[in-house]
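Here is a briefing on one protein model. It covers strand pairing, a helix contact and aromatic rings.

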Amino acid sequence: MTKNISLLGSTGSIGTQSLDVARLQGYNIKCLTANSRVDIIEDQVREFKPELVCMMSEKAAAELKTRIADTNTKVTCGMEGLIECAVYDGADTVLNSVVGMVGLQPTLEAIKAKKTIALANKETLVAGGHLVTNLAKEMGVSILPVDSEHSAIFQCMQGSPKKEAIKKIVLTASGGPFFGKTLAELENVTAADALKHPNWDMGAKITIDSATMMNKGLEFIEAKWLFDMPNEDIEIVVHRESVVHSAIVYRDNSMIAQLGVPDMRIPIQYALTYPERIESPVKELSLTDYGKLTFFEPDYHTFKCIDVCRDAIERGGLHPAAANGANEESVRLFLAGKIKFTDIAYLNNEAMLHAADIQDFTLQDVLDADRAARDFVVETVGC
C-alpha cells in the first residue's frame, strides 16, 4: 500500500533514515520540515518532490525559496508552517522526528486532523501526557512508536491481545559513553567526550541525553503514556551492545524481547508498515558475531537524571514538562561550554521541583511550564 507521508524533521538522524525507508519502499513524501539546514533539504526536495516544505528559520525559508524556485514545492516557515505540514490534506501519516518541545503542537494538530502518527518525538508525550493520549482516543488516531525501545515493546506486545497479561516492561539503555564512570570522574568531561556514543549515530541533543541518561528517563515517561503502564511496572536495564532493544515480562514470568542490529530503520519502517513486515535495508542480526550480551543495573547515584524523570512522573501534572524544558536548556548551555556536565541533572531537578502544581493542564499550561523551566535554568546559571 502506498503511503503519503508528512515528515517533520527531515534533516536530522531519524529524518534522513526515514527517507532511506521511503526511498526503498516507494512512499510519497508530501511534506518536509527542518530547522535551518538548507543544503540538505534542498537535495531532499529535488529527490522526493514534496508539495510543501517548512523551515523553522525565516531566513532559511527565504534562502530555500530562492534555491528551489524552479520546482513546484511551496515553502513556508515557523510554527504555523510546521502545523500546516502536520495537517496537510495530501498526507495520511505524519512521522514526527523533530527534536524537543517544538514537536508537541504539530502532533496535537495532526491528531485533530485524524492523521496516523509515527512518533519519534518523545517530548510530545513527556510534556503533553494525557492531552495527547486522550485526544488520540477521542479522534480514533493510532500513535505508533518510532523510538527503538518503544517500538520493541510495541512489537513484543503483538504476542498477546490482552494488556492484563503483561506484568512489566523492560526498557534497555546503552549506558552511553560514560558507563562505569563515577560522579567525580564526570565532573570535568567535555561536550566532545559526551558526544562519543558507543553504538548509535544521533544528533547532538539526543547524544548528550544518552550520556546523562536523561534520554532513558524521558523514555520511561513516554512508555508510561504509550502503554498505559504503572510507573512501578517499568524497569530500566543497561545493555551495552544495544541488540536487545527492549522486552516485556508476561504474568507467567516469560520474557519476550525484540532484537536487531542497532539501526533505526527497523523501527521507522515498522511504524510505517504496521501490521505488515516487509524487506528492510537493515542487515540481519548475527548473534555469533556478538558472542555475548551483557546487562547491568543502572547507576542511579551517578546518572541522576533518571530519577529526576521518575520523580517528575510520580508528581504528575506539569512536572514532566518542566523537567524536559529544563533539560533542553541545560543541554544547550553544556554544549555551549557554559555549565558542567554534572550541572545538567541538578538544574533539571531544581526546575522540575519549581513547576506549578497543576494536574488538569491545558496546552497553554504546558507551554508556560516549559518556558518557566527554561528561564529558571538560565537565571540559576546567570547567563
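The points below are grouped by topic.

This is a predicted model, where local features need pLDDT of at least 70, side-chain atom pairs count only at pLDDT 80 or more, and totals for chains, interfaces and linings use all residues. Residues are numbered from 1 along each chain as its sequence is written, and side-chain values use heavy atoms, with hydrogens and water left out.

- Helices (H or I, at least four residues) and strands (E, at least two) are DSSP runs, numbered from the N terminus.
- Strand β8 spans residues 166–173, and six of its eight residues are buried. Buried means under 20% relative accessible area, exposed over 50%, and partly exposed in between (1.4 Å probe, protein chains only).
- Strands pair if DSSP finds at least two bridges between them.
- β8 and β10 (residues 244–250) run antiparallel, joined by five bridges. Here L171 stands opposite S246 of β10.
- β8 and β9 (residues 234–238) run parallel, also with five bridges. Here T172 stands opposite V237 of β9.

**Helix contact α14 with α16**

- Helix α14 (residues 305–315) packs against helix α16 (residues 343–353) at about 10°, with axes 9 Å apart. Axes are lines fitted to C-alpha atoms, for helices over the stretch in contact, and angles run from 0 to 180 degrees between N-to-C directions.
- α14 is therefore roughly parallel to α16. The classes are roughly parallel under 35 degrees, roughly antiparallel over 145, roughly perpendicular from 65 to 115, and oblique for the rest.
- From α14, the contact (heavy atoms within 4.5 Å) uses C305, V308, D311, A312 and R315. From α16 come I344, A345, N348, N349, M352 and L353.
- These contact residues divide into seven nonpolar, two polar and two charged. Nonpolar covers Ala, Val, Leu, Ile, Met, Phe, Trp, Tyr, Cys and Pro; charged covers Asp, Glu, Lys and Arg; the others, Gly among them, are polar.

**Aromatic pairs**

- The whole structure holds six aromatic pairs. Rings of Phe, Tyr and Trp (its six-membered ring) pair if their centres lie within 6.5 Å; planes under 30 degrees apart are stacked, over 60 edge-to-face, and the rest tilted.
- F179 and F296 form a tilted pair, 5.0 Å centre to centre, with 50° between the planes. The two residues are 117 residues apart, F179 in the loop between β8 and α9 (191–194), F296 in the loop between α13 (287–290) and α14.
- F179 is partly exposed because its relative accessibility is 32%. F296 is partly exposed too, at 36%.
- Y270 and Y274 pair edge-to-face, 5.7 Å centre to centre, with 75° between the planes.
- Y270 has 7% relative accessibility, so it counts as buried. Y274, at 31%, counts as partly exposed.
- F154, Y270 and Y274 are linked into a cluster by ring pairs.
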